[in-house]
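Reader: I would like to learn how to read strands and helices in a model like this one. Please keep it brisk.

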Amino acid sequence: MTSDASVLENVLTGMADLFGVDGAALMLLDGQNRLRAIGATDDDGVLLESAQESVGDGPAIESAASGGLVAIPDLHAASPMGFPHVAVHAQPVRAVLSVPLIEDCELIGVLDFYARDGRVWDRTEAEAGSRLGELMVIVLQVLAESRTDRAPSGQL
Amino acid sequence: MTHIDPEALVASLRRLQKDRSATGIVHHLERIVQVVDRLFGYSGAGLMFAEEDRTLRYLFATDERGRSLERAQAVTGQGPCVAAYVGDTAVTTVDVRTDRRWPALRELLHPEVRGVAGVPIRLGGVPVGTLNVYQDAPHEWQESDTQALHAYAHVIEQVLVASMEADEKAVLADQLQYALDYRVVIERAIGYLMGKHDLTASQAFTGLRKQARDSRRKVSELAAELLGEQGQRNVANPDHVV
């Protein structure tokens with residue numbers, strides 16, 4: 001695993017621990033502005049992101065489209081409360097909180113927190129999710145700046 | 001087993017690199033610390049970092065009250081964050097102004113710095129600094145508080161790891177590396193002094209640092225000489241270190 005991937009996996013794990021949820025997963029826009037599954041803390045998270053990428057729908061996609069938080073108590077619930085066509089590909093995942101990642105007023109991706117049991121995301125959790133989204137943006141900036149295929153221009 | 005797609009990650013990071021200049025690790029760390037008190041609802045937060053002689057100095061704090069906490073500890077060489085760093089463990093105090101462990105702090109602290117918690121920030125498994133948070137009233141810290149702070153510190157560690165691997169690593173990264181390089185010999189010297197003089201780790205370290213300052217030398221150099229690893233030059237009597 002590359003060091004960037006290792007750092008990101010550790011950060012996702014740390015964020016899931018901080019939040020007290022079963023896992024965290026990340027989708028980022030690529031060079032063609034497509035939302036792509038990047039990774040997750042476990043296989044269930046990978047399934048969730050892959051399902052959303054292939055189906056083209058789901059809480060992360062909706063969050064990216066609206067630029068706001070999307071809180072889903074049960075992914076398996078009938079639409080519009082849930083996303084059963086996504087849930088069928090990510091069976092163990094029930095509750096999802098999707099946080100848009102914004103850098104300089106521009107969407108760069110979506111951070112998903114998920115739980116294997118259904119749960120209602122309260123206001124405090126939504127606020128915490130937003131803060132962790134800010135933290136993820138900083139981490140991604142550091143990773144981008146740390147890449148050796150860029151011209152060195154930074155200073156401490 | 002990895003759960004990250006490296007190719008997809010690289011493609012997205014390249015996108016983020018476009019049209020933006022690097023702002024530097026210190027700037028990012030500052031933003032990360034600003035997020036921590038909003039995330040947990042603390043009165044303030046700060047970051048202290050070890051210099052080459054293993055002395056903690058404050059990197060920044062979210063406000064003046066927090067600065068007084070970090071400055072007071074840097075000046076006196078004692079306090080919850082110093083203890084967290086030296087002991088490599090979370091240290092909390094319900095009210096730092098009345099805590100008998102660090103009597104010298106009270107006079108230097110802003111009156112609204114009361115409940116304090118510090119957790120170590122580690123690189124390669126060894127402490128290189130501390131994440132500090134405070135409350136403006138006495139505060140009973142729960143285990144869940146310190147667990148959350150450890151998790152947050154872990155994220156900071158990953159940011160440091162990422163920046164350490166960059167081409168442009170400079171002052172901060174060099175300081176971190178220096179701390180890592182010399183930590184072992186300093187730790188051994190502290191252990192030696194603790195055993196020889198029945199001291200706590202904090203007392204041994206403070207004595208070692210004072211002797212180094214008084215003789216205008218680096219703590220690491222003095223530590224090495226104490227242990228006989230660089231000959232006996234300039235150490236007339238190692239017991240004078242404490």
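Reader: At what angle do the axes of α5(A) and α1(B) cross?

Author: First, a caution: this is a predicted model. The two axes, of α5(A) and α1(B), cross at roughly 85° and come within 9 Å. The helices are therefore roughly perpendicular to each other, since 65 to 115 degrees counts as such.

Reader: Which residues make that contact?

Author: Start with the general idea. An α-helix has 3.6 residues a turn, so residues three or four places apart point the same way. Now the case here. α5(A) brings A:L140, A:L143 and A:A144. α1(B) brings B:L13, B:L16 and B:Q17. By class, the contact of α5(A) with α1(B) has five nonpolar residues, one polar and no charged.

Reader: How do α1(A) and α5(A) pack?

Author: Helix α1(A) covers residues 3-19. Its axis and that of α5(A) are 11 Å apart, at an angle of about 165°. An angle over 145 degrees counts as roughly antiparallel, and that is why α1(A) is described so relative to α5(A). The crossing of α1(A) past α5(A) is right-handed.

Reader: Which residues of α1(A) and α5(A) are in contact?

Author: From α1(A), they include A:D4, A:V7, A:L8, A:V11 and A:M15. From α5(A), they include A:A128, A:L132, A:L135, A:V139 and A:L143. By class, the contact of α1(A) with α5(A) counts 14 nonpolar, one polar and two charged residues.

Reader: Next, sheets. What is the strand order in the sheet of chain A?

Author: General idea first. Strands of a sheet pair through backbone hydrogen bonds, either parallel or antiparallel. In chain A, five strands form an open sheet in the order β2-β1-β5-β4-β3, with antiparallel pairing. Its edge strands are β2 (35-40) and β3 (70-72), each pairing on one side only. From one strand to the next, the twist averages 20°.

Reader: How many bridges pair β1(A) with β2(A)?

Author: Five bridges, in the antiparallel sense. Strand β1(A) spans residues 23-29.

Reader: Which helices lie across strands of chain A?

Author: Two examples. Helix α5(A), residues 123-146, lies across β1, β4 (95-103) and β5 (106-115) of chain A. It runs at about 45° to β4(A). Helix α1(B), residues 6-17, lies across β1, β2, β4 and β5 of chain A. That helix of chain B runs at about 120° to β2(A).

Reader: Is strand β4 of chain B buried or exposed?

Author: Under 20% relative accessible area counts as buried. Eight of the nine residues of β4(B), residues 115-123, are buried, so this strand is largely enclosed by the rest of the structure.

Reader: Which strands does β4(B) run antiparallel to?

Author: Three bridges join β4(B) to β3(B), residues 91-93, in the antiparallel sense. There B:T93 stands opposite B:V116. Nine bridges join β4(B) to β5(B), residues 126-135, also antiparallel. There B:V119 stands opposite B:L131. The hairpin of β4(B) and β5(B) has two residues between the strands, and B:G124 takes a positive phi near 60°.

Reader: How many residues of helix α8(B) are buried?

Author: Seven of eight, so to speak mostly covered; the helix spans residues 219-226. Among the buried ones are B:V219, B:L222, B:A223 and B:L226. B:E225 is buried too. After α8(B) comes B:G228, with a positive phi near 75°.

Note on methods:
Residues are numbered from 1 along each chain as its sequence is written. Chains are lettered from A and ligands numbered from 1 in the order in which they are written. This is a predicted model: local features need pLDDT of at least 70, side-chain atom pairs count only at pLDDT 80 or more; totals for chains, interfaces and linings use all residues. Side-chain values use heavy atoms; hydrogens and water are left out. Two strands pair if DSSP finds at least two bridges between them. Helices (H or I, at least four residues) and strands (E, at least two) are DSSP runs, numbered from the N terminus. Axes are lines fitted to C-alpha atoms, for helices over the stretch in contact, and angles run from 0 to 180 degrees between N-to-C directions. Contact means heavy atoms within 4.5 Å. Angles under 35 degrees count as roughly parallel, over 145 as roughly antiparallel, 65 to 115 as roughly perpendicular and the rest as oblique. A crossing is left-handed if the near helix is turned anticlockwise from the far one by less than a right angle, and right-handed if clockwise. Ala, Val, Leu, Ile, Met, Phe, Trp, Tyr, Cys and Pro count as nonpolar, Asp, Glu, Lys and Arg as charged, and the others, Gly among them, as polar. Buried means under 20% relative accessible area, exposed over 50%, partly exposed in between (1.4 Å probe, protein chains only).
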